[in-house]
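Student: Could you take one part of this model and walk me through it closely? I'd like one connected account, with the cut-offs spelled out as you go.

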Amino acid sequence: MKITVYGPGCRKCHEAEELVKRVIAESGSDAVVEKVSDLQAMMKIGIITTPGFAVDGVLKLAGRVPKAEEVRAWLAG
């Protein structure tokens, strides 16, 4: 599983990336995190406000930092 964190590098984007990494580590999942800052890539997947998140290429959330429970649900499938 790959969770992609989209964002230009703002404070919220860094916070979101760290949250996702922490939840993955706590869960023992082998998911990987990819960080994408390219605006064209964000627009291509449909992200207008950041941070944004995709799981295996499917957009899950945009415009806010997810709650840990949301990330756990993504990991659970």
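Tutor: Strand β1 (residues 2–6) and strand β2 (residues 32–36) pair in the parallel sense, with five bridges between them. Strands count as paired here if DSSP finds at least two bridges between them; the strands themselves are DSSP E runs of at least two residues and the helices H or I runs of at least four, numbered from the N terminus. Before going further: this is a predicted model, so local features need pLDDT of at least 70 and side-chain atom pairs count only at pLDDT 80 or more, while totals for chains, interfaces and linings use all residues. Residues are numbered from 1 along each chain as its sequence is written, and side-chain values use heavy atoms, with hydrogens and water left out.

Back to β1. Together with helix α1 (residues 11–27) and β2, β1 makes a right-handed β-α-β unit; that is, with the strands pointing away from the viewer, the path from the first strand over the helix to the second runs clockwise. β1 also pairs with strand β3 (residues 52–55), this time in the antiparallel sense over four bridges.

Now zoom in on Val5, which sits in β1. Its bridge partner in β2 is Lys35, and in β3 it is Phe53. The C-alpha atoms of Val5 and Val36 are separated by 6.1 Å, though these residues are 31 apart along the chain. Leaving out residues up to four places away in sequence, Val5 touches Cys13, Glu17, Val20, Val33, Glu34, Lys35, Val36, Gly52 and Phe53, where contact means heavy atoms within 4.5 Å. Val5 is buried, with a relative accessible area of 0%; buried means under 20% with a 1.4 Å probe, protein chains only. Four of the five residues in β1 are buried.

Technical notes. Buried means under 20% relative accessible area, exposed over 50%, partly exposed in between (1.4 Å probe, protein chains only).
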